[in-house]
Amino acid sequence: MTDLRFDDRVAVVTGAGGGLGKSHALLLASRGARVVVNDIGGSVTGEGSDDGPAQQLVSEIRANGGEAVADVNSVATPEGGAAIIKTAMDNFGRLDIVVNNAGILRDQTFDAMTMDLLDPVLDVHLKGAFNVTRPAFVIMREQGYGRVVSTCSASGILGSPHKSNYAAAKTGLIGFTRVIAAEGAAHNIKANAVSPIAYTRMLAHSLEGPEADDQFGPQAEEVKEQLTKMFTDTLAPALVSPVVAFLAHENCPVSGEIYTAGGGQVSRFFIGRTKGYFNRDLSIEEVADHFAEIRDETDYTVMNDPAEEVGQVLTAVTGTNTTVK
Ligand code: NAI
């Protein structure tokens, strides 16, 4: 296969000063994309700011012969999001790709999850994606082309303890992705989500502190040491970036989907609907009696949109094949 390239494409990668975002930006730039390297340069918990990481990556990309510009606006406000997209337009005159990657952590047990731990996490991950993608979408719709890749997480899809704020924000991005895919379809705008696994400062942070100790029990120190060694050796961010880049490419064949990538393993996550149980005289006891059937994963289906789901419900209810459009 010939190299998949991004010549003439302009990409915004948020949170690209380090970790996964840096790796995504380096790969896109190495394949010809002009890249806005956005990063506020704060701590893993979202404190402080520093222009250094974004500037340094831009220097690295330029030294490799690529084109990039630094942007240190925060994704967490609508003004910041608009300014990031303006940086792309002012410097490169167009915008084709948004990679929503910026992120922070503020872990806490659910009983102690206060608003000062919830709000900043929602602001960066969930509202951050809205703040950046909405102005981008307007441009993409006008030009009839766009690719949006948002970063979700297994911590949300599957549920990691102490991360109710993060999980809610990350899983919100799945609905966000589905709707952008639906609204973008007529304009050749594709939106997909990636659930990465990579050893970055964020994963290192998750292995530190009392939350991890709780999770790993009395052998916590030993377990953490083993995991750190295994993760550093196997989970390079560079093994996630090819998936992000493919979903950001013109050839990307899908929209509204979720891919998990880590250490070179790539899979698709999807939401399935079981065949289930139907009874017009449904009662609590009927639900109880047929619960195994309701949960049975044999012959599940993967729905394309809510109309398809309603169609399946109506097919069961009316006994005739019903399509809802
Ligand atoms: P990281 O901490 O190295 O990178 C996150 C970057 O986002 C940092 O450079 C930070 O300065 C930047 N950032 C934070 N707030 C920002 C804001 N308001 N505006 C602009 N930039 C901001 O962590 P990592 O692991 O590279 O995370 C990248 C993304 O991947 C995050 O969304 C994270 O939640 C997600 N993720 C990572 C996993 C992993 O295994 N490392 C697992 C699942 C999801």
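Trainee: In which sense do strand E6 and strand E7 pair?
Mentor: Strands, like helices, are DSSP runs numbered from the N terminus (at least two residues of E for a strand, at least four of H or I for a helix). Two strands pair if DSSP finds at least two bridges between them. E6 covers residues 189–197 and E7 residues 258–262, and Ser195 has Thr260 as its bridge partner in E7. Over 5 bridges, the sense of their pairing is parallel.

Trainee: What kind of model is this?
Mentor: Residues are numbered from 1 along each chain as its sequence is written, and side-chain values use heavy atoms, with hydrogens and water left out. Local features need pLDDT of at least 70 and side-chain atom pairs count only at pLDDT 80 or more, while totals for chains, interfaces and linings use all residues, for this is a predicted model.

Trainee: Which strands stand at the edges of the sheet?
Mentor: The open sheet has 8 strands with mixed pairing, in the order E3-E2-E1-E4-E5-E6-E7-E8. Each edge strand has a single partner strand, so one side is left without a neighbour in the sheet; these are E3 (67–71) and E8 (265–269).

Trainee: At what angle does helix H1 run to E1?
Mentor: Helix H1 (residues 19–30) lies across E1 (10–13), E2 (34–38), E4 (97–100) and E6; contact means heavy atoms within 4.5 Å. Helix H4 (residues 115–143) also packs on the sheet, and its direction makes about 170° with that of E4. For H1 against E1, the angle is about 170°.

Trainee: How many of the residues of E5 are buried?
Mentor: Buried means under 20% relative accessible area, exposed over 50%, and partly exposed in between (1.4 Å probe, protein chains only). Gly146, Val148 and Ser150 point one way from E5, and Arg147, Val149 and Thr151 the other way. E4 and E5 pair in the parallel sense over 4 bridges, with Val149 as the partner of Val99. E5 is largely enclosed by the rest of the structure, because the buried residues number 6 of the 6.

Trainee: Are Asp107 and Lys163 buried or exposed?
Mentor: Their side chains meet in a salt bridge (2.8 Å, N to O), that is, a side-chain nitrogen of Lys or Arg within 4 Å of a carboxyl oxygen of Asp or Glu. The pair links distant parts of the chain, 56 residues apart: Asp107 is in the loop between E4 and H4, and Lys163 in the loop between helix H5 (154–159) and helix H6 (164–184). Asp107 and Lys163 are both buried.

Trainee: With which residue does Asp90 form a salt bridge?
Mentor: Asp90 is exposed, with a relative accessible area of 53%. The closest N and O atoms are 2.7 Å apart, and the partner is Lys86.

Trainee: How many salt bridges does the structure hold?
Mentor: Lys127 and Asp123 meet in a salt bridge of 3.4 Å, N to O. Arg9, Arg94, Asp96 and Glu250 are linked in a network of salt bridges. In the structure, the number of salt bridges is 13.

Methods:
Axes fitted to C-alpha atoms, helices over the stretch in contact; angles between N-to-C directions.
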